[in-house]
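I opened this entry to look up how two chains meet. My notes follow in the order in which I checked things.

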Amino acid sequence: MAVVFQKTKGLTDVPFHYCPGCTHGIVHRLVAEVMEELGVLDKAIGVAPVGCAVFAYEYFNCDMQEAAHGRAPAVATGIKRVHPDRVVFTYQGDGDLAAIGTAETVHAAARGENITVVFINNAIYGMTGGQMAPTSLIGQETLTTPYGRKPGNNGYPVKMCEMLSTLDGASYIERVSVYDVKHVLQAKKAIKNAFTAQINKKGFSMIEVLSSCPTNWGLSPNEALKWIKDKMEPYYPLGVYKNTLEEVKQNG
Amino acid sequence: MAKVLMKGNEALAEAAIQAGCRHYFGYPITPQNEVTAYMAKRMPKVGGVFLQAESEVSAINMVYGAGGAGARVLITSSSPGISLMQEGISYIAGAEIPCVIANVMRGGPGLGGIQPSQSDYFQSTKGGGHGDYKLIVLAPSTIQEMADLVQQAFDIADKYRNPVMILGDGMLGQMMEPVDFDNIKKGENHIEEKTWATTGMGTRKKKNIINSLELDPQMLEKHNIELFKKYEKASKEEVRYEMTNCEDAEIILVAYGTIARVAKNVIELAKRENINVGLIRPISLWPFPVEPFEKTVNYVKRYLSIEMSMGQMVEDVKLAVNGRKPVYFYGRAGGMVPEPAAILEEIRKISGGAK
């Protein structure tokens, strides 16, 4: 019998602990498939965050370090400076990357640290039970904004792609989503571009993935996917924010 | 290479390079800025990495990453910066990553001052971060000893897969003394291959994970017990101290680092007044040397702990003496260094009626 589908070698056989309808699983698979296709699994070193993806070190089939909350880009910097020829990536959520770890994220990008960051933006703290994230939308109800996020009290959602693309050290920055097949395929292409930027020693690359959290949003998996499209995407426009790969192509 | 005249901070940096350290992460803070300047100059020349991080928080996590990736790593700072690193140090101890951390202490609390102090003794020896862990803490009192201990520190860190702290102060960091790097008693340098490091799997079958998370309480307790077996071994094998004039002493001073130098002068001053004073100088602050107290407790009349703090090491002295003889304390804080005359006066005071 012909094999028509095989699980990527980039993932271990450990079952995911994610909630039903959560898109972490999809993004894990995309990252793993990209690493396999680029042939870098044997020289990849990943850094897991604190948050829902804390167990990412169990799932990716490569060497892994588990970082303190928000510090993954600093940890990845340490690894990359020891092994500049390895492929080093972080996998972080919005609280990790855009709240407690903002400084580490911004300065890794500013240094042009040659690492790849996969950033899951689901507009909420998942693991701790649904508190406001730096990326929660205006009006969004969470455990810590029970009457909705109000600018007067909570300020405005942080747009990381827009911020980081202003930095000269950033080589490839794109925002994608995974709410339907078309967007999943686009997301994979984006992740591949980001890893390719690193392999070509272009500097800091980050892919922001608009993701779902049905459990803490209080929606069904299908409603949650629709919520990404209807609510998140208008505030967080998808697209390529920085691409030095193309410059090189044009130049070369 | 003959003896070179160097600042303590420079000797610390050079000793690390000579110990094979090729990765240094830091952030500017007084009084340890000579270390970053020295590393920025020297590291590129020896094919190493100097990286100025955006904060001490970031720097210590770079150490986590680099140490976990198998490198010999050094990080240095001074008191407020070391406070910022405590989270990272706890993770490093939990994940069993070897590295060397140097604290060139200044006065606190808070922003405090920039003059020398020893007020981070508790933070260094009792676990400044969260959770059950220990640092192996070494305290030099000369620039030569700074160079010697830094070299040993890297070997000890690798031996135990544990962070080792060099605890100095602004005085040691800033003052100059001749250092002989040729005759440094180098450690065995038996660095076992770091088969646990995240280097990329290559042809290795099993992936390596650097981690301090364990949600199963039974497993976490097991990990705690394993760590303490390691500390138990270190508390037997890494004890370092120096005894001066203790044989017939009636009063024994206990002092480490900068203030131990002053205490040595006091021995001579006291002799002129016919007071026989000795000195126990702990070199390893953790493990704290109990042995010199066992050797002296039967005949000495009293101990006097002298510190550049409001009294921290004195608690370990009391634990070691365990009520068998009176333990006194004299200290200055905030960047003040006790003078020999003041210490002598204190000695007169406590020996008072008995003499």
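**Where the chains meet**

I began with the strands: strand 2 of chain A and strand 9 (residues 209-210) of chain B run parallel and are joined by two bridges. I looked up one partner and found that Met64(A) is bridged to Ile209(B) in strand 9 of chain B. I note here that the model is predicted.

Next I looked up the contact lists. Chain A brings 34 residues into contact with 31 residues of chain B. I then took the area: about 2,500 Å² is buried between chain A and chain B, and carbon and sulfur atoms give 57% of this. On the chain A side, the residues that lose the most area to chain B are Asp63(A), Gln65(A) and Arg81(A), which together make up 22% of what that side buries.

I turned to charges and polar atoms. I counted three salt bridges between chain A and chain B. In one salt bridge the side chain of Asp63(A) meets that of Arg204(B), at 2.8 Å from N to O. The rule gives 20 residue pairs in polar contact across the interface of chain A and chain B, both residues being at pLDDT 80 or more.

Last, I asked which elements of chain A supply the side that touches chain B. Strand 1 (44-48), helix 2 (56-59), strand 2 (63-66), helix 3 (72-82) and helix 5 (102-110) each supply at least two residues. Helix 3 of chain A gives the largest share of that side, seven residues. I sorted the residues of the side of chain A that touches chain B into 16 nonpolar, eight polar and 10 charged.

How values were computed. Residues numbered from 1 in each chain as written. Chains lettered and ligands numbered in written order. Predicted model: local features only at pLDDT ≥ 70, side-chain atom pairs only at ≥ 80, totals over all residues. Heavy atoms only, no water. Contact = heavy atoms within 4.5 Å. Buried area = accessible area lost by both parts, 1.4 Å probe. Salt bridge = Lys/Arg side-chain N within 4 Å of Asp/Glu carboxyl O. Polar contact = N/O pair within 3.5 Å; in protein donor to acceptor, adjacent residues only side chain to side chain. Helix = DSSP H or I, 4+ residues; strand = E, 2+ residues; numbered from the N terminus. Nonpolar A, V, L, I, M, F, W, Y, C, P; charged D, E, K, R; others polar. Pairing = 2+ DSSP bridges.
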